[in-house]
Amino acid sequence: MKVITIAGTPSSGKTSVLLHTLNLFKAEGIKTAAVKFDALATQDHDLYQRRLGIPAIRGLSDYVCPDHYYVSNLEEVLAWGHEQGAALLVIETAGLCFRCAPHINGVPAVTVIDNLSGLGAPEKMGPALKLADVVAITKGDLVSQAEKEVFLHRVRQVNQTARAFHCNGLTGNGVLALKRMIDQWPEVPSLTGLKLRYSMPASVCSYCTGEIRVGRNFQTGNVVKIHVANQN
Amino acid sequence: MLQIKTEDLAPEVPRMASITLLAGRDKSGRGEPLPQLSVEAGQSLAVVGPTGSGKSELLSDIEQWADRDTVTGRRLVVSDGPTGRPHDGGGIVARLSQKTSFVMDSSVEHFLHIHAECRNRGQETIVEQTLDAANQLCGEPIRLGTSLQVLSGGQSRALMIADIAFISDAPVVLIDEIENAGIDKLKALSILSASDKPILVATHDPILMLMAPRRLVMREGGMQRVIETSPEERERLAELRRMDAHLCRARDLIRAGDTLQEREPAL
């Protein structure tokens with residue numbers, strides 16, 4: 001079974017890009033399955049089922065860090081994918097804080113970012129963009145050609161080696177490029193023992209364990225303070 | 001991380017002497033009447049046909065470098081260009097459509113500079129050339145210090161066209177309709193043609209259709225035939241342009257709060 005991880009900024013079109021891409025596989029009679037990880041709510045798994053009729057599940061992290069929850073459940077979703085008899089399993093994560101990235105060494109990693117997110121967005125996005133193998137840039141139909149080219153250049157400055165391409169999440173125009181890449185990718189037999197491309201944040205402070213009050217007196221454990229002085 | 005071969009990366013797509021689309025199937029699965037379609041660099045081709053006739057699909061086949069793997073089954077062949085399909089970068093097509101707008105918060109000058117910079121172009125001359133060209137296209141002059149966000153519809157479109165002609169590196173130009181708003185369409189086409197790229201214009205505007213020396217007729221998803229603009233049609237074009245100018249004058253007068261005179265100036 002082939003496996004890909006997909007990350008991206010909120011509302012950048014991760015699900016739309018995947019829906020169009022998986023539809024191309026469906027047309028070839030290739031079985032696919034989708035997992036959506038999110039924090040509190042998502043109906044995206046429902047979209048995969050209704051639009052494509054493919055098996056899809058969701059994992060909601062609720063009170064746990066969504067990225068930690070994601071990595072803690074990778075073996076489970078891989079086993080689920082196998083049970084579905086899928087030839088391709090896509091693991092879509094929520095567009096969250098971008099301190100870390102869901103991407104794993106040895107598993108093709110796709111990151112979606114949109115042209116409307118601003119020229120500073122690629123730099124701010126951190127490891128999710130820097131460590132991706134493929135960058136899908138969406139919403140190019142809404143901005144000038146010049147801005148598309150400048151935005152791509154900014155993406156390049158953050159990640160020189162990824163394959164980047166433009167695509168339209170509404171019409172699906174451009175996703176053929178991703179489909180062609182997936183065709184070339186190898187299967188991922190197991191995830192056990194593979195390593196994340198970027199470590200997850202150290203946490204475990206009082207807020208991690210349910211503290212909700214603001215103030216020094218309530219902060220214990222791993223607490224880091226801002227340096228307000230001498231920043232300029 | 002996955003191994004990525006450096007030869008797969010082709011961010012700079014070179015100039016193309018011509019593009020050729022080999023026929024596939026129409027919407028009902030029949031072979032297309034026109035076996036192939038070629039557009040040379042510096043030439044423009046209008047794509048005509050009613051809504052749903054397959055114009056967008058045709059443009060998309062070019063954008064996606066179709067290789068018998070799109071719904072139409074067409075194949076794109078490029079002469080004097082890259083031998084393989086570039087997996088990377090902004091693609092081979094610069095697209096100008098009515099939906100696009102500037103979203104950047106920047107002055108015209110800063111914007112042109114950063115675009116020229118990321119395309120490794122000599123900045124001073126190219127920024128001037130681009131602004132000059134844009135100003136030839138629209139009535140209201142664009143100034144370097146103006147914010148992109150306050151440009152009028154016509155000014156934005158003029159700047160986008162000039163930018164595609166002078167700064168953009170994409171070797172093919174697709175125009176998805178140019179609106180009437182204060183743009184000299186003939187000059188726009190000639191500025192783009194001078195940039196020596198194949199140009200495709202999908203349009204419902206008879207003036208734009210006749211401005212291109214050739215037009216492709218689309219029907220039910222298939223390429224039907226190519227018609228060359230005849231001398232008679234070029235005469236009709238002159239007449240249509242006068243009518244268009246007449247309409248524009250009336251629009252400008254009414255917009256400016258003036259009234260129209262009873263007597264019609266001769267067409």
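Analyst: Let's start with a strand pair: β1 (residues 18–22) and β2 of chain B run antiparallel and share 5 bridges. Helices and strands here are DSSP runs (H or I over at least four residues for helices, E over at least two for strands), numbered from the N terminus, and two strands pair if DSSP finds at least two bridges between them. Before going on, note that this is a predicted model, where local features need pLDDT of at least 70, side-chain atom pairs count only at pLDDT 80 or more, and totals for chains, interfaces and linings use all residues. Residues are numbered from 1 along each chain as its sequence is written, with chains lettered from A and ligands numbered from 1 in the order in which they are written.

β1(B) also pairs with β4(B), again antiparallel and again through 5 bridges. Leu21(B) is a handy landmark: it faces Leu37(B) in β2(B), and its bridge partner in β4(B) is Leu76(B). Put together, that's an open antiparallel sheet of 3 strands, ordered β2-β1-β4 in chain B. β2 and β4 (75–79) of chain B are the edges, each with a single partner strand, so one side of each has no neighbour in the sheet. From one strand to the next, the twist averages 15°; axes are lines fitted to C-alpha atoms (for helices, over the stretch in contact), and angles run from 0 to 180 degrees between N-to-C directions.

Side chains in a regular strand alternate between the two faces of the sheet. In β2(B) (residues 36–40), Leu37(B) and Val39(B) make up the covered face, while Gln36(B), Ser38(B) and Glu40(B) are on the uncovered one.

Just after α1(B), Trp65(B) takes a positive phi of about 50°.

Then there's the neighbouring chain: 33 residues of chain B are in contact (C-beta atoms, placed from the backbone, within 7 Å) with 28 residues of chain A. On chain B, the elements giving two or more residues to that side are α1 (55–63), β5 (93–97), α2 (108–118) and α4 (153–166). β5(B) gives the most, with 4 residues.

How values were computed
Buried ≥ 20, exposed ≤ 12 C-beta atoms within 10 Å, placed from the backbone. Contact = placed C-beta atoms within 7 Å.
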